[in-house]
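Work through the exercises below with the sequence and the model side by side, and try each task before reading its solution.

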Amino acid sequence: MLLKETWRWFGPDDPVQLQSVLQTGASGIVTALHHVPAGDVWTVEEINKRKNIIGASGLTWDVVESVTVHESIKTQTGNYHNYIENYKQTIINLASCGIKIVTYNFMPVNDWTRTNLDYEMADGSRALYFNWYDLAVFDLYILQRKNAIESYPEKILLEAENRYKTYTTTQLEQLRDIIMFGIPGEKKQTLEQMRNKLGKYADIDRAALRESLRFFLQEISPVADELDIRLAIHPDDPPFDILGLPRIVSSEEDIQYILTSVPNKSNGICFCTGSLGAGKHNDLVSILRGIGTHLHFVHLRNTKRDEDGNFYEADHLNGDTDMYEVVKEVLATQQLVDSPIPFRPDHGHQMMDDLKKITNPGYSCIGRMRGLSELRGLQIGIHRTLYDQ
Ligand code: DNO
């Protein structure tokens, strides 16, 4: 059995229309009700409204990415019990509409983080990029986080100071907006809100954050089990601590902790090769073997690191991750389960006509379509050789 080809669509405001998605060859949609504030219940009515729009185009809504976990669940403060109840209600409502794969993440304060959204590649296309020096410029001089200086080695501090001195006000504002970009269609946070949220983590270390995740999963997994929902936690992107915050979904050990501390059937992983692969410490095939059939969703994307740990998003088949080995392992897992595991080409370069358009960073059409086509060929080739004789 082959994996199912899906495509992330940010809803009716996405510049990539469903008709175009259909033409990429993908058959499933990955989306979320981005307009619903984090923590609120997704009503059956709103879910169905979105489902019908997708259905009318000949596609199906297969995966939710993401039902956002409210910050107070991560910090276990305020009315986090209510937010957990809301989360349960949302997955109950999703299941009643037939949507059974739910992605989420447990990254504190900021979702995925990059420092450049227009990093020019040799062929003229543009990629997303992460650079430690620029992150430090943001952290030290824009955010002005307390004790930020302790988070960086001397080399980074010096280079960050140099860069800060040469950057114009516009460049600094751009850097701020890039780092705080967030998810298209969702409310952007201000610097002040970010500082407030960061303050709430003053006493939360790795162990405490892990405990919040374990508690959350222990609460929602039994509900998900009953509904046949597959939960899929997305790894930290990038997979290391940033802005002085603990990150707990960054390594094989983290993933094993998540799966073994709450061993319910519904508790699973969104295996994001781009996130995990940006960490030199990660062996992706080994991580996949450890996940086994708790592999609920797959993001395929590649990255290329330099010796300082900075990285850009590379072509799907051409980066530090050996995509052949990864797809082979994912297909091996696929043969052990009854229904197709969805994958999506995660991000793509902005290229060709898309360079002239306003697109969501990483989510323009042509670059992702190139990625999807390459991955499709790779998957069919491996599948034909190993499983279809
Ligand atoms: C970025 C994405 C993330 C991801 C969420 C999952 O493009 O990989 O925003 O969707 O972190 O919860």
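**Exercise 1.** Decide whether serine 212 is buried or exposed, and find which residues it touches.

*Solution.* Serine 212 has a relative accessibility of 4%, and it therefore counts as buried (under 20% relative accessible area, whereas exposed means over 50% and partly exposed lies in between, with a 1.4 Å probe and protein chains only). The model is predicted, so local features need pLDDT of at least 70 and side-chain atom pairs pLDDT 80 or more, while totals for chains, interfaces and linings use all residues. Residues are numbered from 1 along each chain as its sequence is written, and side-chain values use heavy atoms, without hydrogens and water. Leaving aside residues up to four places away in sequence, serine 212 touches Ile73, Lys74, Gln76 and Phe106 (contact means heavy atoms within 4.5 Å). Finally, its side chain reaches the backbone oxygen of lysine 74 at 2.9 Å.

**Exercise 2.** Determine how helix H5 and helix H7 are oriented to each other.

*Solution.* The axes of H5 (residues 132–143) and H7 (residues 169–179) come within 10 Å and cross at roughly 105°, and the two helices are therefore roughly perpendicular (65 to 115 degrees). H5 contributes Asp134, Leu135, Val137, Phe138 and Ile142 to the contact, and H7 contributes Leu172, Leu175, Arg176 and Ile179.

Terms used. Polar contact = N/O pair within 3.5 Å; in protein donor to acceptor, adjacent residues only side chain to side chain. Axes fitted to C-alpha atoms, helices over the stretch in contact; angles between N-to-C directions. Helix = DSSP H or I, 4+ residues; strand = E, 2+ residues; numbered from the N terminus. Parallel < 35°, antiparallel > 145°, perpendicular 65-115°, else oblique.
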